[in-house]
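User: Hi! Could you walk me through this one? I'd like to start with how the terms are set.

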Amino acid sequence: MSDYLRLIAKRALSTSDPALLQVGFESAVLERYRQSSAYQVMRTETVGRVKKQGGFSIDFGISPGDATIHASWQALTTSLPDDERAHWSSFGAAVYEPSEMFLRMQLSPNSCFDDGELRSW
C-alpha cells in the first residue's frame with residue numbers, strides 16, 4: 001500500500017474527517033465527458049480534471065496504465081452535482097493503484113508539483 005494513502009487514512013481517522021479519503025473508478029467514467037463539447041478533460045502524467053463550461057470541475061488521480069482513476073471523498077461530495085454522482089457511482093472500482101503524485105498534491109495543496117505537460121485526454 002502507498003505510504004501516502006496510509007497517511008491520508010491516518011489523518012482521516014485521527015481527525016474524524018473523511019475529506020481526503022480516496023474512491024476509485026474505472027476510467028471509462030470519463031467517456032461521457034470526452035464526447036461532449038460542454039466538458040473539458042485535461043491531464044498530466046498522473047493527474048486529471050473534468051470541467052464543465054460554467055459548471056463543476058473535479059480533480060482526480062490517474063492510476064498507472066490509465067485503467068482507473070480516483071478522487072477524494074470531499075471532491076466527489078462537494079464538486080459533483082447529484083446527477084453526476086449517480087454517473088460516477090456506476091463506475092466504482094474496488095481495486096485501483098493510486099497516483100502517488102495526486103496523493104502528494106492532496107496532502108500539500110499549496111505546493112508546486114511537476115507532473116509533465118498538460119494535455120487533453
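Analyst: Helices (H or I, at least four residues) and strands (E, at least two) are DSSP runs, numbered from the N terminus. This is a predicted model, where local features need pLDDT of at least 70, side-chain atom pairs count only at pLDDT 80 or more, and totals for chains, interfaces and linings use all residues. Residues are numbered from 1 along each chain as its sequence is written, and side-chain values use heavy atoms, with hydrogens and water left out.

User: Thanks! Where is Gln-106?

Analyst: Gln-106 sits in helix H5.

User: Is Gln-106 buried or exposed?

Analyst: Buried, with a relative accessible area of 19%; buried means under 20%, exposed over 50% and partly exposed in between (1.4 Å probe, protein chains only).

User: And what does Gln-106 touch?

Analyst: Leaving out residues up to four places away in sequence, Gln-106 touches Leu-20, Gln-22 and Ser-72, with contact meaning heavy atoms within 4.5 Å.

User: Switching to H1: which residues are buried there?

Analyst: Leu-5, Ile-8 and Ala-12 are buried in H1. They lie on the same side of H1 because they cover an arc of only 60° around the axis, taken from the directions from the helix axis to the C-beta atoms.

User: What do the buried residues of H1 pack against?

Analyst: They pack against strand S1 (22-26) and helix H5 (100-107).

User: Which exposed residues are on the face turned away?

Analyst: Asp-3, Lys-10, Leu-13 and Ser-14 are the exposed residues on that face of H1.

User: What follows H1?

Analyst: Ser-16, with a positive phi near 55°.
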